[in-house]
Amino acid sequence: MLLINCPYCGPRPEAEFANGGQAHIARPADPMSLTDDEWAAYLYMRDNTKGLHHERWRHANGCGRFFNASRDTTTDVIKRTYRMGERPEAEHQGAKP
Amino acid sequence: MQKFSALSLLRAGLTGHVGWQRQWRSPEPKPGYDVIIVGGGGHGLATAYYLASRYGVKNVAVLEKGWIGGGNTGRNTTIIRSNYLFDESAGIYEHALKLWEGLSQELNYNVMYSPRGVLMLAHNIHDVQSFKRHVHANRLNGIDNEWLSPEECKEFCPPLNVGGSMRYPILGGALQRRGGTARHDAVAWGYARAADALGVDIIENCEVTGIRRAPTGEVVGVDTTRGSINAKRIGVVAAGNTSTVMNMAGVRLPLESFPLQALVSEPVKPIFPCVVMSNTIHAYISQSDKGEMVIGAGTDVYTSYTQRGGLHIVNHTLDAICELVPAFRRLRMLRNWGGLVDVTPDRSPIVAKTPVSGLYVNCGWGTGGFKATPGSGEVFASTIAKDEPNKINAPFTIERFRDGAVIDEAAAAAVAH
């Protein structure tokens, strides 16, 4: 079980949280202008990163708030958690498998 | 290939069992092959075997980064069934089940296919309705599946607790009698041995590090930890590592990789006659021929490449098992482990051509790929050999997500994934 540092409440066991999948996927501003391929990519395609991965969590059985975590998927070590609206650290950006 | 038979066993027994040959060679990679299969699990080995045996493509290499039987093929809970809801799923899983029935004879290798029955338990009204719908849908597709009352469940599997004391009582179950188990590593070894005998090179400890493409886009070979190897056709069957391999060719897939755990108990005398599954309270259990109770747990909630999951996931399953079979409350667990499963949004596989010419992919079997091993290999071999999908795997494309033609077994299984 992971120990997850909620940016609002502090460290709590994983059982208090719900995982929300890959972070920083913005809903297209104008979905009607997208091709079917672009819409499918938004809905279904994921990086499935091997390495540093940014994901959403929700402190479902706590404060109820969403936040993001940067976790290494080869070790499950969470490097950092940060609030919604913040970006991952520069050195973390673009980390792909 | 040294043929196995009662006579050969007797003969070797009389001479001290010193005459057995290695079951497959350990060749150096050749400079090139007609087809390279990336991933030496059950599905990849089956693909190579059927390429050589049914589709006349014998100049084939299977590249495995670890060892044969070391990945998900040796980590699953060996359940075989074909009672899926949708016609497309029925087609591919039933194709596999039919191959299972003759597999030991075809491979001359005892894969210990045991059609002992798979009983899927219903615990609420929604389960009952959903499973009865499955029973009817399966029968329309010519697949055996029948509804059992709680008393009939108890008769079929006596250790079950069908009393009124459970939090989620057993309200009945759907039984597929032709379902059952097989010995998972024997499946890998049997396919490896049979493919090797037909000339397939099985190259272990050989990790693919790049996919090489011509300026015109088509694949021309792979880079590996044992050098570059040429091939005009490459089939990727890498389970949880598929995204990583396909990224080397710039192909994005609708996949996420999760750890999935299993565990076994200490061995006990025969007590559990069938496979019991409960999607609702999340328990999957059968007894191996060694006597261990083989138990499947759920996936973790987050993606990971660690091949290990959280203990609370296992505990959750054991809670359910102890409710279902109170006699198991004092069983001790011997060991647990994790595998890496690649999951698609609709929980159905992708067995298809890709946007890159000469590159094929067989992935997305998620938490239930073992049962499909022979059928998956057969249709993937057909797809690679003919450069077009077989009728059975034609619906299992990447484009189905774009086109809205998903095969939503996720919803059909009614599991809170």
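1. The side chains of E55(A) and W57(A) make a polar contact of 2.9 Å. A polar contact here is a pair of N or O atoms within 3.5 Å; within protein, one must be able to donate a hydrogen and the other to accept it, and residues adjacent in sequence count only if both atoms are side-chain atoms. E55(A) also reaches the side chain of R71(A), in a polar contact of 2.7 Å.

2. Some ground rules. This is a predicted model, in which local features need pLDDT of at least 70 and side-chain atom pairs count only at pLDDT 80 or more, while totals for chains, interfaces and linings use all residues. Residues are numbered from 1 along each chain as its sequence is written, chains are lettered from A and ligands numbered from 1 in the order in which they are written, and side-chain values use heavy atoms, with hydrogens and water left out.

3. Where does E55(A) sit? It is found in strand β4 (residues 52-58) of chain A. Helices (H or I, at least four residues) and strands (E, at least two) are DSSP runs, numbered from the N terminus. E55(A) counts as buried because its relative accessibility is 1%. The classes are buried (under 20% relative accessible area), exposed (over 50%) and partly exposed in between, with a 1.4 Å probe and protein chains only.

4. Leaving aside neighbours within four places in sequence, the contacts of E55(A) include N19(A), F67(A), R71(A) and, from the other chain, Y302(B). Contact means heavy atoms within 4.5 Å. R71(A) has a further partner: D76(A) forms a salt bridge with R71(A), at 2.9 Å between the closest N and O atoms. Both D76(A) and R71(A) are buried. A salt bridge is a side-chain nitrogen of Lys or Arg within 4 Å of a carboxyl oxygen of Asp or Glu.

5. Now the interface. Contacts link 27 residues of chain B with 23 residues of chain A. The two chains bury about 2100 Å² between them, 51% of it on carbon and sulfur atoms. In chain B, R252(B), Y302(B) and Y305(B) lose the most area to chain A, together 29% of what that side buries. Buried area is the accessible area (1.4 Å probe) that two parts lose on being put together, summed over both.

6. D37(A) and R402(B) meet in a salt bridge through their side chains (3.5 Å, N to O). On chain B, the elements giving two or more residues to the side that touches chain A are α8 (242-247), β12 (256-265), α9 (311-324) and α11 (400-403). The largest share, three residues, comes from α8(B).

7. Salt bridges over all chains come to 26. R177(B) pairs with E146(B) at 2.9 Å between the closest N and O atoms. R177(B) lies in the loop between β6 (172-176) and β7 (180-181) of chain B and E146(B) in strand β5 (residues 146-148), so the pair ties together parts that are 31 residues apart in sequence. R177(B) is partly exposed, at 40% relative accessible area. E146(B) is partly exposed too, at 22%.

8. R329(B) and E323(B) form another salt bridge (3.6 Å, N to O). R329(B) counts as exposed, at 51% relative accessibility, and E323(B) as partly exposed, at 27%.
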